Amino acid sequence: MSNTPIDEHSEEFDQLAGLYALQVLEGDELARFEGHSAQCDRCQLMVRLDLETLARVALVAPPMDPSPDFKARLMRRAAEELAASAATSPPTPAPPPSGAEPENVVRLADRQRQPRDPAHPEPRQSAHPQPQQSAHPEPRRSAHPEPVEGPRPSNVVSFWRRSPWLSALAAVFVVALITAGAFTYENQTVATYELTGTAPGSARVVVRRSGAAELEMAGVPNPDPGFIYEAWIIPAGKQPVAAGITATGDAKLPLSGDLRGTTVAITTERGRVDAPTSTPIMATVVQS
Amino acid sequence: MTTSPPPSPELADLEALYDAHHRQAIGLAYRMLGDLGDAEEVAQEVFLSAWRSGHTYDPGRGTTHTWILSMVRNRSIDVLRARRRRPVQPLAEGVDPPDTSDVPTQAVSNVDAETARVALNSLPPEQKQVIELAYFSGLSHSEIAAQLAAPIGTVKGRIRLGMDRLRTAMGVQQDRSSGQWSVISGQ
């Protein structure tokens, strides 16, 4: 190999950039390239470009499922690490009570209904018992209050007999209150997922307790004349599904279907299309 | 991306990381190692490592997906090199993911999987071969040259040409107005 000065770019460095991005460059060549590229904008761009290309080569490998117990083994090992670290560090104070129930409380409630193997407890429960489970149990749904047991007070009966219309109005009022409470409860936000990308402004996926979700955009510049924003739901390993369009950067869009594990993205299009024709300006993954 | 309010941070973070990325991670490790047991071992170490160091990871420097797969490849190469009974050269792991902050790679990854397959399969066989040997088998250019009984310079040239073709086929282009590289999906 020739002794190319460090500040002089040559075709050889173009080749080494690819090898460097592949992480298969060795020995003296590795040191030479790193020394050169530290001062060479072209090489830095070449490496960046090659890394971006290679990141996509990884996708050539078909996704596959692990053994059925793989996740349990992984979580168990993590729980053991946490338990070990907790044993050597001061306890973490419990989080303050929260009005909105965290997402995983719902999952835990679901898990508790499932039979568990006592020899292999769920790591989440064994390592980190949820304080909400005991100290802050899931609030009873105000829409479905438990019936009041015991003798009916006599003054209620007499009031009903004396003023049936007022009683009916009172009943309607109570039902309205219950309905409003149920709506409020079901409409509570249980998770938000911020979209990131190149566009200014913000966008987020808001998931309600009811399971409904919507995409909220705020402060995103309006698309250029003749263009719109189109939202996409991209299930893992599948093609994007159009979720809706908007002509402004401040908009709310209901998202239907099960979003867990999907990518939600926004592209700029010339009109409603069935498949994205441009790179998403913002995107996020909705965790399952 | 943030989840509000943060649920039981440690294990919940790991579970979220796993649920979002495990199939592609296992798939890549299996493609490289050809053994599910080894692939799972690699994936387990990667997820635990990512989980442990997650608080130091800067999402602005690359997507989590890219980061995870980069670690999977690095660990798999370590395993491959150990199998070949060669001195293992540890590879940088995780803390220095490829800088793709201007590209929401995760968002387009599903769309691009097929594009990537088509792009790789469109390469001339000799270029596809050297890139696969380097990427999936972790062979150095000198090892590839020895395996193919080809001059090292030829291997280097094939890799460069193959990378350039892949870049074009995958739609990775330079945004001339900003001087930044960006990925054009679906091309």
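Helices, as used here, are DSSP runs (H or I) of at least four residues, numbered from the N terminus. The model is a predicted one.

Q: Where in chain B does A149(B) lie?
A: The phi of A149(B) is near 55°, a positive value in a residue other than glycine. Most residues other than glycine have a negative phi. A149(B) sits in the loop between helix 6 (141-148) and helix 7 (152-170) of chain B.

Q: Is Q23(A) buried or exposed?
A: Q23(A) also has a positive phi, about 60°, and is not a glycine. Its place is the loop between helix 1 (11-21) and helix 2 (27-37) of chain A. The threshold for burial is 20 or more other C-beta atoms within 10 Å. Q23(A) has 21 C-beta neighbours inside 10 Å and is therefore buried.

Q: How are helix 1 of chain A and helix 2 of chain A oriented to each other?
A: The axes of helix 1 of chain A and helix 2 of chain A come within 10 Å and cross at roughly 110°. The contact involves F13(A), L16(A) and Y20(A) of helix 1 of chain A, and E29(A), F33(A) and H36(A) of helix 2 of chain A. Angles from 65 to 115 degrees count as roughly perpendicular. Helix 1 of chain A and helix 2 of chain A are therefore roughly perpendicular.

Q: What is the mean pLDDT of chain A?
A: In chain A, 66% of the residues reach 70 or more. Over residues 1-5 of chain A the pLDDT is below 50, and this stretch has three contacts beyond near neighbours in sequence. Residues 91-158 of chain A also stay under 50, with 60 contacts beyond four places in sequence. The mean pLDDT of chain A is 70.

Q: Which element of chain B has the highest mean pLDDT?
A: Chain B has a mean pLDDT of 75, with 67% of its residues at 70 or more. Among the elements of chain B, the lowest mean, 40, belongs to strand 2 (residues 180-183). The pLDDT is below 50 over residues 175-187 of chain B, a stretch with 35 contacts beyond near neighbours in sequence. The highest mean, 94, belongs to helix 5 (residues 125-135) of chain B.

Q: Which elements are included in what covers the buried residues of helix 5 of chain B?
A: The buried residues of helix 5 of chain B are Q127(B), V130(B), I131(B), L133(B), A134(B) and Y135(B). Leaving aside neighbours within four places in sequence, A134(B) is in contact with L22(A), V24(A), L139(B), I144(B) and I159(B). The cover of the buried residues includes helix 3 (41-57) of chain A, helix 6 of chain B and helix 7 of chain B.

Q: How are helix 5 of chain B and helix 7 of chain B oriented to each other?
A: Their axes are 8 Å apart, and the two helices pack at an angle of about 95°. Residues in the contact include V130(B), I131(B) and A134(B) of helix 5 of chain B, and V155(B), I159(B) and L161(B) of helix 7 of chain B. By the angle, helix 5 of chain B and helix 7 of chain B are therefore roughly perpendicular.

Q: How far apart are the end C-alpha atoms of helix 3 (residues 64-83) of chain B?
A: Helix 3 of chain B is mostly covered, with 14 of its 20 residues buried. At 1.5 Å a residue, the helix should span 28 Å, and the model agrees, so the end C-alpha atoms are 28 Å apart.

Key. Residues are numbered from 1 along each chain as its sequence is written. Chains are lettered from A and ligands numbered from 1 in the order in which they are written. This is a predicted model: local features need pLDDT of at least 70, side-chain atom pairs count only at pLDDT 80 or more; totals for chains, interfaces and linings use all residues. A residue is buried if 20 or more other C-beta atoms lie within 10 Å of its own, exposed if 12 or fewer, and partly exposed in between; C-beta atoms are placed from the backbone. Two residues are in contact if their C-beta atoms, placed from the backbone, lie within 7 Å. The expected span of a helix is 1.5 Å times one less than its number of residues. pLDDT is the predictor's confidence in each residue, from 0 to 100. Axes are lines fitted to C-alpha atoms, for helices over the stretch in contact, and angles run from 0 to 180 degrees between N-to-C directions. Angles under 35 degrees count as roughly parallel, over 145 as roughly antiparallel, 65 to 115 as roughly perpendicular and the rest as oblique.
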